[in-house]
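Biologist: I would like to learn how to read a structure of this kind. Please show it to me and take the features one by one.

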Amino acid sequence: MFGNFEPIGVEKGKKDTLKIVYKCNKCGMIKRNVVARDDNFDKILEIMSNPKVEF
Ligand SMILES: [Zn+2]
C-alpha cells in the first residue's frame, strides 16, 4: 500500500554515499534512496540530527 514515505534516518552506503531511509506511514514499508552529492545537504543534516529511529 502506498502512503506517504517519510524520511526517518540516514545510512552510510558504499563509497562515501549516503542513503536516506524512508518509511511508509501506512504499511511501514522501508525504502532507501541514495543521496547524490548535489542533493539538499541541509535537509540530510536535519534528518540526521532529528532521527526518529535508531539504526
Ligand atoms: Zn505503504
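The dialogue below goes from the elements to the sheet, the loops, the helix and single residues.

Modeller: First, two conventions. Residues are numbered from 1 along each chain as its sequence is written. This is a predicted model, where local features need pLDDT of at least 70 and side-chain atom pairs count only at pLDDT 80 or more, while totals for chains, interfaces and linings use all residues.

Biologist: How many helices and strands are there in the protein?

Modeller: Helices (H or I, at least four residues) and strands (E, at least two) are DSSP runs, numbered from the N terminus. The protein has one helix and three strands. Read from the N terminus, the order of elements is β-β-β-α.

Biologist: In what order do the three strands form a sheet?

Modeller: Two strands pair if DSSP finds at least two bridges between them. Here the three strands form an open sheet in the order S1-S2-S3, with antiparallel pairing. S1 and S3 are at the edges with a single partner strand each, so one side of each has no neighbour in the sheet. From one strand to the next, the twist averages 30°; for such angles, axes are lines fitted to C-alpha atoms, for helices over the stretch in contact, and angles run from 0 to 180 degrees between N-to-C directions.

Biologist: Over how many bridges do S1 and S2 pair?

Modeller: Seven bridges link S1 (residues 5-12) with S2 (residues 18-24), and the sense is antiparallel. Phenylalanine 5 has cysteine 24 in S2 as its bridge partner, and glycine 9 stands opposite valine 21.

Biologist: Which residues in the loop between S1 and S2 deserve a look at phi?

Modeller: As background, most residues other than glycine have a negative phi, and most peptide bonds are trans. The hairpin of S1 and S2 has five residues between the strands. Lysine 15 lies in this loop, and its phi is near 50°, a positive value in a residue other than glycine. Aspartate 16 is also placed in the loop between S1 and S2; phi of aspartate 16 is near 65°, which is positive as well.

Biologist: Which residue takes a positive phi in the hairpin of S2 and S3?

Modeller: Glycine 28 does, with phi near 80°, in a hairpin that has five residues between the strands. Cysteine 27 is in the loop between S2 and S3. The C-alpha atoms of cysteine 27 and asparagine 4 are separated by 9.7 Å, although the two residues are 23 apart along the chain.

Biologist: Is valine 21 buried or exposed?

Modeller: Valine 21, which lies in strand S2, is buried because 20 other C-beta atoms lie within 10 Å. Buried residues make up 5% of the 55 residues in the protein.

Biologist: Which residues does valine 21 touch?

Modeller: Two residues are in contact if their C-beta atoms, placed from the backbone, lie within 7 Å. Leaving aside residues up to four places away in sequence, valine 21 touches Pro7, Ile8, Gly9, Val10, Glu11, Ile30 and Arg32. Between valine 21 and valine 10, which are 11 residues apart in sequence, the C-alpha distance is 5.7 Å. For the protein, among contacts between residues at least 6 apart in sequence, 31% join residues at least 24 apart.

Biologist: Where does helix H1 lie?

Modeller: Helix H1 (residues 41-49) lies across S1, S2 and S3, and runs at about 90° to S1. Serine 49 is in this helix, and is exposed because 8 C-beta neighbours lie inside 10 Å. Serine 49 and valine 10 are 39 residues apart in sequence, and their C-alpha atoms are 9.7 Å apart in space.

Key
A residue is buried if 20 or more other C-beta atoms lie within 10 Å of its own, exposed if 12 or fewer, and partly exposed in between; C-beta atoms are placed from the backbone.
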